[in-house]
Amino acid sequence: MPVFKAPFNGYSVKFSPFYESRLAVATAQNFGILGNGRIHVLELAPGAPGVTESVSYDTADAVYDVCWSESHDSVLIAAIGDGSVKIYDTALPPPSNPIRSFQEHAREVQSVDYNPTRRDSFLTSSWDDTVKLWAMDRPASVRTFKEHAYCVYQAVWNPKHGDVFASASGDCTLRIWDVREPGSTMIIPAHDFEILSCDWNKYDDCILATSSVDKTVKVWDVRSYRVPLAVLNGHGYAVRKVKFSPHRRSLIASCSYDMSVCLWDYMVEDALVGRYDHHTEFAVGIDMSVLVEGLMASTGWDELVYVWQQGMDPRAS
Amino acid sequence: MEKAIERQRVLLEHLRPSSSSSHNYEASLSASACLAGDSAAYQRTSLYGDDVVIVAAHRTPLCKSKRGNFKDTYPDDLLAPVLRALIEKTNLNPSEVGDIVVGTVLAPGSQRASECRMAAFYAGFPETVAVRTVNRQCSSGLQAVADVAAAIKAGFYDIGIGAGLESMTTNPMAWEGSVNPAVKKFAQAQNCLLPMGVTSENVAQRFGVSRQEQDQAAVDSHRKAAAATAAGKFKDEIIPVKTKLVDPKTGDEKPITVSVDDGIRPTTTLASLGKLKPVFKKDGTTTAGNSSQVSDGAGAVLLMKRSVAMQKGLPVLGVFRTFAAVGVDPAIMGIGPAVAIPAAVKAAGLELDDIDLFEINEAFASQFVYCRNKLGLDPEKINVNGGAMAIGHPLGATGARCVATLLHEMKRRGKDCRFGVVSMCIGTGMGAAAVFERGDGVDELRNARKVEAQGLLSKDAR
């Protein structure tokens with residue numbers, strides 16, 4: 001299975017929506033606490049179990065998240081620890097990048113997500129308790145969402161409704177927003193502890209999952225939000241990221257500070273259907289390819305990026 | 001740098017232990033309005049049944065060596081009755097015992113090991129039950145109990161016996177062979193050769209323990225031991241031993257049953273002790289009267305996992321909590337308990353104030369008084385039924401004897417007494433101590449001491 005050794009600690013990994021063999025990795029020096037960051041664009045060699053770096057970009061501060069544009073195959077957007085949001089074009093050489101940089105967030109930007117349906121905007125969430133909406137053709141943010149009372153660790157678009165997104169915060173709430181409304185349309189007190197991540201179901205636009213410091217992943221239905229559909233126990237520490245599969249309706253991937261990546265099917269009795277313990281430090285980034293069914297990637301503070309097929313051992317060579 | 005500190009704080013918040021398993025905590029702790037002391041406010045329920053408990057603890061009478069009732073008794077005939085008593089009083093199948101560990105000091109090692117094995121056969125144990133000895137000088141009996149507790153915790157077996165045996169008639173204290181000249185280079189090694197009484201004089205001189213204090217401690221020991229014997233307090237722990245006395249002139253054997261300690265002198269007074277001359281040092285303070293008696297005797301303690309005791313329906317006499325062995329200066333070896341007791345109490349998560357009862361071996365009055373004063377212990381809590389100066393100190397058996405005495409007294413005191421400590425100093429400069437908890441099978445009555453008004457406030461709230 002392909003594995004890539006980065007010089008810094010991994011924070012996030014994303015498959016390209018245009019090319020099966022391409023993925024981007026966000027990394028940060030000194031575990032993202034102090035120092036520089038770097039974005040790597042990796043290519044998976046066809047057939048052979050290798051991964052090569054096609055280009056990398058250095059940043060003055062940690063890169064906490066990265067995402068691909070859904071409208072341009074070579075455009076990357078990065079969330080930076082110094083509060084900036086930078087746009088890169090991988091078709092251009094490193095000296096020409098970033099092609100744009102926004103400096104609006106007052107504190108660390110934790111996540112960035114591109115709108116998959118409208119394809120003209122993206123969200124960023126920050127430790128300054130806000131979520132910002134950006135458009136590719138605007139010089140500044142279009143809007144700021146200010147209801148959270150603590151770090152917003154994730155903001156993610158609904159896969160079917162171009163104006164709806166969810167945000168997960170350390171204030172223990174999950175909020176559902178419609179950008180056409182002045183405030184959040186729904187507040188779900190999803191966990192008793194900080195919520196570190198959330199993601200929408202790709203097949204049911206009313207279902208989403210949250211992951212938390214309380215070591216659980218919970219699955220919610222916005223139509224009956226008082227009780228979760230499922231509570232998934234199994235991680236030994238806070239669950240850092242949660243991701244719904246683009247290929248199977250009820251499949252969820254999660255990664256945790258317990259250094260493991262887990263696969264869950266929330267609709268079956270024994271929900272934990274797979275556990276991968278290939279990381280030797282906190283596992284903080286997880287992604288599933290939309291182009292190749294079952295292809296997964298993960299990264300962690302052990303500076304490694306693994307790409308593997310579900311059911312296989314990520315460390316196999 | 002402030003940014004780095006802030007980022008670290010945010011990340012550490014993710015790793016903060018969550019109490020999503022709070023239900024388990026509630027099951028383990030519950031507040032109870034109990035007046036047995038501060039530590040009793042939160043009674044740990046024994047949910048898991050995996051702690052090590054004592055279900056029986058017995059000893060022989062302790063008799064003066066060479067002149068007492070055991071002067072003609074073989075050592076194995078001292079151990080066999082207490083081993084037999086453990087299985088008879090609990091109706092335990094002897095083949096279920098995983099090991100018998102016997103603390104013993106003075107006899108040649110392999111011969112004593114054989115004698116202990118033979119004693120197990122006399123007591124009715126089958127050949128499948130293992131036997132071994134352990135020697136940690138004066139704490140060997142306690143070390144045997146600790147070794148068995150550790151083996152049960154480790155899962156080697158579920159039931160074990162920690163015992164102690166010494167016949168100082170048969171094996172007096174002595175040094176065999178010559179001394180390695182290398183000791184001259186090491187003062188501490190040289191101090192290991194000091195007679196025990198000289199270390200007692202060192203303690204008295206260095207820490208200013210007066211002759212009067214020492215003699216008073218001896219008088220108290222005899223008085224309390226005599227009162228306990230008269231009140232029948234030793235009846236439950238002492239196993240009568242059928243043996244014989246041989247007339248030294250005619251060789252005639254007279255069968256006797258020994259059921260009380262024969263070293264206790266209820267008539268001891270400060271005046272009578274004052275007449276004795278110091279034995280070890282000119283103008284010294286240590287005398288035969290304020291030293292422990294050289295004795296013969298044995299003791300044995302039956303330990304098992306709590307779940308096994310519950311399954312067999314055996315009442316729990318006590319719970320083994322912690323054991324600590326520490327090293328001190330050989331020249332003042334008697335201070336061992338002053339170092340070992342805090343170590344064992346701390347290891348149990350307790351404070352000295354939480355300990356309701358102490359059995360501290362009175363090897364010498366000087367070290368006993370020093371340790372009591374050094375730790376600031378309430379004399380009303382120490383050796384309440386007398387100590388080694390009255391009852392005797394058969395070196396390897398003392399630990400098991402003290403455990404038996406402590407647990408039976410804790411049982412009598414009921415809810416008034418939750419934690420007890422056994423401790424002794426060790427020749428060549430060590431100390432050992434163990435913390436025990438009273439078993440739960442006691443009634444609610446409190447009759448040992450007056451209870452002041454209890455506001456259910458933690459001691460921190462004073």
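This is a predicted model: local features need pLDDT of at least 70, side-chain atom pairs count only at pLDDT 80 or more; totals for chains, interfaces and linings use all residues.
1. Residues are numbered from 1 along each chain as its sequence is written, and chains are lettered from A in the order in which they are written.

2. Two of those spans, in numbers. Residues 147-187 of chain A are 0% helix and 51% strand, with end C-alpha atoms 10 Å apart. For residues 234-274 of chain A, the figures are 0% helix, 49% strand and 11 Å between the end C-alpha atoms. (Helices are DSSP runs of H or I of at least four residues, strands are E runs of at least two.)

3. Now a sheet in chain A. Four strands, ordered β10-β11-β12-β13, form an open sheet with antiparallel pairing; two strands pair if DSSP finds at least two bridges between them. β10 (109-114) and β13 (143-145) of chain A each have a single partner strand, so one side of each lacks a neighbour in the sheet.

4. β11 (residues 121-126) and β12 (residues 131-135) of chain A run antiparallel and are joined by five bridges. S121(A) has A135(A) in β12(A) as its bridge partner.

5. Finally, chain B. Chain B has 14 helices and 14 strands. Of its 462 residues, 53% count as buried, meaning under 20% relative accessible area with a 1.4 Å probe, protein chains only.

How values were computed
Side-chain values use heavy atoms; hydrogens and water are left out. Buried means under 20% relative accessible area, exposed over 50%, partly exposed in between (1.4 Å probe, protein chains only).
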